[in-house]
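Me: Could you walk me through this one, step by step?
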Amino acid sequence: MSKKRQSKTAPDIVSAPAENGDVAVPVAFGYEEMLSELEAIVAEAEIRLIQDAELA
């Protein structure tokens, strides 16, 4: 199969890491989950910037 015909879309199902040694269970990771993760990253970055500004 040529590279042009290969799909570059991300899979809808991702394996979640097993925390207690059990087999990993597939977890759907869609638009809403990605948006929530991005919002959490931005919020953490804003907190770090505020803390850094207070220390300076």
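Reply: Helices (H or I, at least four residues) and strands (E, at least two) are DSSP runs, numbered from the N terminus. From that end on, the elements of the protein run β-β-α. Residues are numbered from 1 along each chain as its sequence is written. This is a predicted model, where local features need pLDDT of at least 70, side-chain atom pairs count only at pLDDT 80 or more, and totals for chains, interfaces and linings use all residues, while side-chain values use heavy atoms, with hydrogens and water left out.

Me: Where is confidence lowest and where is it highest?
Reply: With pLDDT being the predictor's confidence in each residue, from 0 to 100, strand S1 (residues 13–15) is lowest at a mean of 54, and H1 is highest at 95. The mean for the protein is 75, and 52% of its residues reach 70 or more.

Me: Where is Phe29 found, and is Phe29 buried or partly exposed?
Reply: Phe29 is in the loop between strand S2 (26–28) and helix H1 (31–55). Phe29 counts as partly exposed because its relative accessibility is 36%, given that buried means under 20% relative accessible area, exposed over 50%, and partly exposed in between (1.4 Å probe, protein chains only).

Me: What share of the residues count as buried?
Reply: Of the 56 residues of the protein, 0% do.
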